[in-house]
Amino acid sequence: MKIVIPYINFQGRSFNDPVMIGGLEYFIKRINEHYDDVKVVELTDYIFDGSKRPWKNRKLIKQVNNMVKNIALDYNADVIMSNWLFSIISGAGMMDSPIPIIHIEHTNSAMMSAVISLYRIKKNGHSVFLVNPYQKNYYTAYAKRLKKDQIEFDGYVEPAFLCGEKPKVQDNPEFDCITIGRCDPLYKMPYRIKSMLEGTNFRTLLMTNPERLDTRDKKCYEYWLKNKHWDDCLYDLPHDEVTKNLSRGRTYFMTWADECFPIVGLEALSCGLPLIINTRMSENRGAVKKQNFKYPLHGSDLWAVDKSHSINIMHNSKEELIDAINKFKDIDRQEIQDMTWEKYTEKRWKSILDNAIDKTIENFKSNRGGVLPI
């Protein structure tokens, strides 16, 4: 199986960087390591050639689209794999590709143009997979607002699995609650664990990286400056050090309300930490103002093998966060770890992804003959 993956490094670090990286990079890294014939096409230097918004440059987009298609043809690729919706990679210029495209949507994109892009991919005989059913509700709601039919997604994949040595579950962890997240004031907002538990007796640990603290993202830099006074914050750790530090905690707090497949949440479970999920809504509760979806957007509550290993709290509720930490005080963390490692194996991950790739190729062969590029 030959796979070509176009890659743009938006976070200032490559997918091969040992320092903590984002979920998109983690996914590419795992595919690159566990499939034999993978070609990652690095487009970062080509894209960021001085253009502030390169995805608005139609001439540049067309050049990149043609470059990716030609590289895939020369490589004799079976599929082009995308996990980013920017038109540079999965826009109209890619749709006449003679090689099937499998797009794996990791996010709940807030742009209505995302729905158009997903339609375009499907209409041209390629495939779109999601990482959790809540995304389907999300994009269906957007499609209705655009007065379009529901997108027929091709299924679901899991972007991560567990490998390496199983860490030891500590009997007396020193931190009551831990979180991991890039230094981002708009989405991850990792310092929320510090502000929400300020004034309590709980010890908290935050692992983050000052994301893009250069001219590309002043807001992230200002966010870090505002919060760098907190104690017990670890920065720019290699991935293996992140895992070791996770074992020092009793619970894990998912700070962002829109996680789809939270790889850090899976890693927390793998260390025996139950998940506390800062979602927009919980079971048996109505939606928060302006939120009209039937289920939570957060995907974290789907990945714990046993439902008792995670709990939803109302968004930013300090009282519910405290109650959740106390509730998990005597939970069997060894059971959490054992059940997580038993389920999330490389064999399972690869089987799901192999089936998605096979379905993409099969659908492309059967559908593409009657579908013209748009």
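How many aromatic pairs does the structure hold?

1. This is a predicted model, and the structure in it holds eight aromatic pairs.

2. Tyr35 and Trp349 make an edge-to-face pair, with 5.9 Å centre to centre and 65° between the planes. Tyr35 belongs to the loop between helix H1 (23–34) and strand S2 (37–42), while Trp349 is in helix H13 (residues 346–367), so this pair ties together parts that are 314 residues apart in sequence. Tyr35 and Trp349 are both buried.

3. Trp349 also pairs with Phe161; this pair is tilted, at 4.6 Å centre to centre and 40° between the planes. Phe161 lies in the loop between helix H6 (133–145) and S6, and the pair links it to Trp349 in helix H13 across 188 residues. Phe161 is buried, as is Trp349. Through these ring pairs Tyr35, Phe161 and Trp349 are linked into a cluster.

4. Elsewhere, Lys148 has its charged end over the ring of Tyr119, at 5.3 Å from the centre.

5. Helix H9 (residues 239–246) has Val242, Asn245 and Leu246 buried. Viewed down the axis of H9, the buried residues fall within an arc of 105°, so they line one face of the helix. The general rule is that an α-helix has 3.6 residues a turn, so residues three or four places apart point the same way.

6. Against what do the buried residues of H9 pack? Their partners are strands S6 (177–180), S7 (204–208), S8 (233–235) and S9 (252–254), together with helix H10 (263–270).

Definitions and conventions
Residues numbered from 1 in each chain as written. Predicted model: local features only at pLDDT ≥ 70, side-chain atom pairs only at ≥ 80, totals over all residues. Heavy atoms only, no water. Buried < 20%, exposed > 50% of the residue type's maximum accessible area, 1.4 Å probe, protein only. Helix = DSSP H or I, 4+ residues; strand = E, 2+ residues; numbered from the N terminus. Arc of directions from axis to C-beta. Contact = heavy atoms within 4.5 Å. Phe/Tyr/Trp six-rings, centres within 6.5 Å; stacked < 30°, edge-to-face > 60°. Lys NZ or Arg CZ within 6 Å of the ring centre and 35° of its normal.
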